[in-house]
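User: I'd like to learn how to read a structure like this one. Can you take me through it feature by feature?

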Number of protein chains: 2
Amino acid sequence: MLMRGTSCCAVKKFTPTKPDTQSADAAPPKGNRRNRHRLRAAVSKEKKRPLHEIILRDIESHILSGDWPPGQALPFETELAETYNCSRMTVSKALNQLVQAGLIERRRRAGSRVAQPRAQSAVLAIPEIENEVRSMGMSYGYVLLSRARRKTRKADICCFAASPRMTVLELDCLHLAGGLPFCLENRLINLAAAPLAASESFESVAPGPWLLEQVPWSNARHKIRAAAADARTALLLQIDEGAPCLVIERETSSGGSCITSVRLTYPGVRHELTASFTPTDNKVS
Amino acid sequence: MLMRGTSCCAVKKFTPTKPDTQSADAAPPKGNRRNRHRLRAAVSKEKKRPLHEIILRDIESHILSGDWPPGQALPFETELAETYNCSRMTVSKALNQLVQAGLIERRRRAGSRVAQPRAQSAVLAIPEIENEVRSMGMSYGYVLLSRARRKTRKADICCFAASPRMTVLELDCLHLAGGLPFCLENRLINLAAAPLAASESFESVAPGPWLLEQVPWSNARHKIRAAAADARTALLLQIDEGAPCLVIERETSSGGSCITSVRLTYPGVRHELTASFTPTDNKVS
DNA sequence: TTTTTTGATATGTCTAGCCATAATGAATTT
DNA sequence: AAATTCATTATGGCTAGACATATCAAAAAA
């Protein structure tokens, strides 16, 4: 109310490099908008990208280059709106995405500032084994080693160990790549949560893909560690006993109750997990 | 243009459970808005949470519960706007957050639908080693083993190996927890990118924290694998030669040029990486 | 029959405002 | 001096539209 003139949007912004050709002072909103569009296209050669993304990338580059160090206060929304000649909402959209990416922090009266670097984090992709094998250009094979129904034990992977005894289906399977052992899978399925598993043989379909079809969605917890191959593992994976293996354990739960847990054992020499992380564009590759 | 009546916002929405008390047909926008606010507070007991988040959680629960299976088409934005008695933009915000979370997919003419479950992914937190040790309630120690300036070699971690020979600072250090070896660090620092490193002894400060202060921000690539300890590693970590180790390699680059690479070797038996992942609320714990 | 055109439509982007809310600092009261 | 009030201010949330654009399907043209 006080600052009517500069309130939400800069109604008129004179870019130094290219003065507005049509300087009709009280131009109707439509005409003004056209002008802005043309001006934007002329100034930033990138015609296709939406404005909020241009703003995001621009600010991101200021931060990534060290131009704006951690703790640095960003211009206010209204100022940025004027700078980019757009509405406050568009700026806000860009800034909120930067908050999500962890690059900036915002507080209501205090404004926005560049965040302090946090703990290193990474988005880790743990693909379906079949896809993983095929994407390496190798043939995929699957063998069911054992299938048994039993009660949970203390030694079981965490979520099953914690809860009182429940009936689970235990599967041991071997995934092959190019005819050679690729990964050993030890799987527990909560029969209370996925009763259909009891009538599935799992001889031709691996439990992972099967479960994906059954259980709607999931929250997952992973543990990754290195371990020495025991005698049985060594035999099955055709490696030496004591050889290092990469072990990935995953518990999948849905709404508090554990659905399944799995332990994947990869020969250490043959397998590698990769993860990449960029602040804004954090895609799982 | 055709569907004027139902275009953007449902101007009037009669909730079955609570018919609108003020049924002034052409109520001014302001009064109407007040009504909506009161109505919303009465219907959904959650007063504090913003509407777009309520919508997000609501749709999320439909998907997570399996009520809306993968491939299921969601109601259109306009329909949801009517359902929740809000504007299309608010619905759009919620839906776009669900896209970011990977729960739904949207296409322009086709509408929105529940996404097929993708490759398992997880947000992996790789903390600063000192914090990691201290958070376990153990004392932290740091020892610099060697410090040398040299040219890059073919055998160096990828990004350095790829580029033509450049001058790097190579550091070997040992991190201790409770007086025992915890992690072995092999670090390369690009002296062109971080020239100040040349005049830092790294005898009292580990290169990780030091670099965080120097380099503004970073994109990182990680590789995780299991490997057997070689003679030197075994000696330094006080484990047996050939014992399994968890090896984490990280390359940090900024704007295309590699800043630093690091190989962290943890004794397999003593260390575990954990990662958690929930579709929408994916926090690094 | 095949290709092209055309219209319909749902989302994508953006605007120019509105009011709410949290945080701050100054003025006022206790 | 301490506590309380109060105006200020920047972000948070939201609206009621507008136009843009991708895309699907049906009609028209080849």
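User: In what sense do strand 3 of chain A and strand 3 of chain B pair, and over how many bridges?

Analyst: Keep in mind that this is a predicted model. To read a pairing, look at the direction of the strands and then at which residues face each other. Here strand 3 (residues 120-126) of chain A meets strand 3 of chain B in the antiparallel sense, over seven bridges. For one facing pair, find Ser121(A), which sits opposite Ala125(B).

User: Which other strand of chain B pairs with strand 3 of chain B?

Analyst: Strand 10 (residues 273-277) of chain B does, again antiparallel, over two bridges. Look for Val123(B) there: its bridge partner in strand 10 is Ser276(B).

User: How many residues of strand 3 of chain B are buried?

Analyst: Six of its seven, so the strand is mostly covered, going by the cut-off of 20 or more other C-beta atoms within 10 Å. Take Ala122(B): among its contacts are Leu124(A), Ile126(A) and His222(A) from chain A, plus Ala275(B) and Phe277(B) from chain B.

User: Which residues have the most contacts inside the largest nonpolar core?

Analyst: The general idea first: in soluble globular proteins, nonpolar side chains tend to be buried together. In this model the largest nonpolar core has 53 residues, and Ala122(A), Leu124(A), Leu246(A), Ala122(B) and Leu124(B) have the most contacts inside it. Strand 7 (residues 219-228) of chain A gives the most to this core, with five residues.

User: What rotation superposes chain A on chain B?

Analyst: For symmetry, check the angle and the shift along the axis together. A rotation of 180° with 0.0 Å of shift does it here, at an RMSD of 0.4 Å. The two copies are therefore related as by a two-fold rotation axis. Both copies use the same surface, too: 98% of the contact residues of chain A recur in chain B.

User: Now backbone angles. Where does Asn85(A) lie, and what is its phi near?

Analyst: Most residues other than glycine have a negative phi. Asn85(A) has a positive one, near 55°, and lies in the loop between helix 3 (77-83) and helix 4 (88-101) of chain A. Gln238(B) also has a positive phi, of about 55°, without being a glycine. Its loop runs between helix 8 (231-237) and strand 8 (244-254) of chain B.

User: Is Gln238(B) buried or exposed?

Analyst: Count the neighbours. Gln238(B) is exposed, because 9 other C-beta atoms lie within 10 Å and 12 or fewer counts as exposed. Asn85(A) counts as buried because it has 20 C-beta neighbours inside 10 Å.

Terms used
Residues numbered from 1 in each chain as written. Chains lettered and ligands numbered in written order. Predicted model: local features only at pLDDT ≥ 70, side-chain atom pairs only at ≥ 80, totals over all residues. Core = buried A, V, L, I, M, F, W, Y, C linked by C-beta atoms within 7 Å. Helix = DSSP H or I, 4+ residues; strand = E, 2+ residues; numbered from the N terminus. Contact = placed C-beta atoms within 7 Å. Pairing = 2+ DSSP bridges. Least-squares fit on C-alpha atoms with pLDDT ≥ 70 in both. Lists of a residue's contacts leave out its neighbours within four places in sequence.
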